[in-house]
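Have a look at the structure first.

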Amino acid sequence: MSGVEAKLAELGLTLPAVVPPLAAYQPAVQSGPYVFTSGQLPMVDGKLPVTGKVGAEVTPEEAKELARTCALNALAAVKSVAGDLDRVARVVKVVGFVASASDFTGQPAVVNGASELLGAVLGDKGVHARSAVGVAVLPLDAPVEVEIQVELVP
């Protein structure tokens, strides 16, 4: 077990299986020392635990937990390309999309679920630049989608 996966276990978490693509793309690709993940939905055992808009059918607290799940799925996608999460030199960028009710403006707090998980698991290597964007709808009516970019050590 890698050090990163040991940290996940210490936090009571396990790395899930890579979520299969829903369309014509790969879950993650490597270019040079960087791994770029596709947008990761908060899939658990092949399905979304919750659907709908944040600020309407989904509470901000639920959405923050879903963003955390997205980050775990993103780490699984990174591992599928890198082979070992201990090769992560740092998380460079996180982009979070939040399917939002028209009056919901708390996207940054929702995407904190992903950012906080990455920090808890990777420590200083998990500190990153970030965007949190409100959108009208996401695939499968998911409330949240997160993509990450990481730099690998050789």
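In which helix is Gly-113 found? Gly-113 belongs to helix α3, residues 107–122. Helices here are DSSP runs of H or I with at least four residues, strands are E runs of at least two, and both are numbered from the N terminus.

This is a predicted model, where local features need pLDDT of at least 70, side-chain atom pairs count only at pLDDT 80 or more, and totals for chains, interfaces and linings use all residues. Residues are numbered from 1 along each chain as its sequence is written, and side-chain values use heavy atoms, with hydrogens and water left out.

Gly-113 is buried, at 6% relative accessible area; buried means under 20%, exposed over 50% and partly exposed in between, with a 1.4 Å probe and protein chains only. Beyond its neighbours within four places in sequence, Gly-113 contacts Lys-64, Ala-67 and Arg-68, where contact means heavy atoms within 4.5 Å. Its C-alpha atom is 8.1 Å from that of Ala-63, 50 residues away along the chain.

Next comes helix α1. The buried residues of α1 include Val-4, Glu-5 and Leu-8. They lie on the same side of α1 because they cover an arc of only 95° around the axis, taken from the directions from the helix axis to the C-beta atoms. Among what covers the buried residues of α1 are α2 and α3.

| Helix | Residues |
|---|---|
| α1 | residues 3–10 |
| α2 | residues 60–82 |
| α3 | residues 107–122 |

Just after α1, Gly-12 has a positive phi of about 80°.

How values were computed
Axes fitted to C-alpha atoms, helices over the stretch in contact; angles between N-to-C directions.
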